[in-house]
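Dear colleague,

Please find below the structure that I am handing over to you. My findings follow directly after it.

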Amino acid sequence: MTAHACQNCGNTYTENFCNYCGQKHIHRYSVGHVAHELLHVFTHADKGIFALALNLLKKPGLVALDLVEGRRKKHFNLFQYLLLIVGFTTFLIVKTNFVERMFTSMNGLNEAKMAGPVAVMQHKMALLLQKYNNILQMVLIPVFAFFSWLYIGRKKYNYAENIVLHTASSAQTNTIAIVTTLLILVSPSKNYFTSITLLSLLIGLWSFALCYRQFYGLSWLKAIGWAILVYTSTYVVQVVLTAVGVVVYMLLQH
């Protein structure tokens, strides 16, 4: 057998993979090789990004269970996927003015009301939430995970493993959000927009219930109950943090 010097760590090995760092025996890049690598990343049947997206749509809880129980090789990196999909949905949300339009639609504000000091403040907060949607979603994942660990999983799975579970849930809902957000681009009325917003809320609850059912092996009834409780608990935390943010912002303006 021919001995190879690993370009990554310098170890000498004789097989196709370095027995020290695991890197495959490599060759110089060519245009064909680059094209193959790009195609492989996105379309590989077992672990491509599209395969993960499809699995997350159908079985996010089982994807999380695979990762938690050590079956990680067959999946595209979940955390990389989340960053990509959240970045894309945030781009769409900004382009469609999702949060701002939700704010005006749900509150039925006219021009006179929009000029009021409270409405102006709320409007500014809505714009901030829209602009930093990606950061907000990342912050909420460990909060969701804390409540699911607290209510459901303390005896079976630890807090970090619940973060993996809610990462899968967030990745699923953001994948679906691409469709719902694009629907807003052709929204013919405020009522239609409100319906899409409520649909997004229901999708979030359904995602939690599906994840808990698959990950913890719960019945649909228990999964839905825990989903509502976790979602509500996190919403309360979000409202409190938002209120604190508004107060701090107002104090800084004086």
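This is a predicted model: local features need pLDDT of at least 70, side-chain atom pairs count only at pLDDT 80 or more; totals for chains, interfaces and linings use all residues.

Val-236, Val-240, Val-244, Val-248 and Leu-252 together make a nonpolar surface patch of about 440 Å². Such a patch joins nonpolar side chains (Val, Leu, Ile, Met, Phe, Trp, Tyr) within 5 Å, from residues with over 30% relative accessible area and no salt bridge, the latter being a side-chain nitrogen of Lys or Arg within 4 Å of a carboxyl oxygen of Asp or Glu. Areas come from the Shrake-Rupley method with a 1.4 Å probe, and for residues only the protein chains shown count as cover.

Residues are numbered from 1 along each chain as its sequence is written, and side-chain values use heavy atoms, without hydrogens and water.

Helix α3 (residues 60-68) is largely enclosed by the rest of the structure, because eight of its nine residues are buried. Among them are Pro-60, Gly-61, Asp-66 and Val-68. Gly-70, which follows α3, has a positive phi near 95 degrees.

The chain has 11 helices and two strands, assigned as DSSP runs (helices H or I, at least four residues; strands E, at least two) and numbered from the N terminus. Of its 254 residues, 38% are buried.

Yours sincerely

Note on methods. Buried means under 20% relative accessible area, exposed over 50%, partly exposed in between (1.4 Å probe, protein chains only). Patches are made of residues with over 30% relative accessible area and no salt bridge: like charges are joined within 9 Å, nonpolar side chains (Val, Leu, Ile, Met, Phe, Trp, Tyr) within 5 Å.
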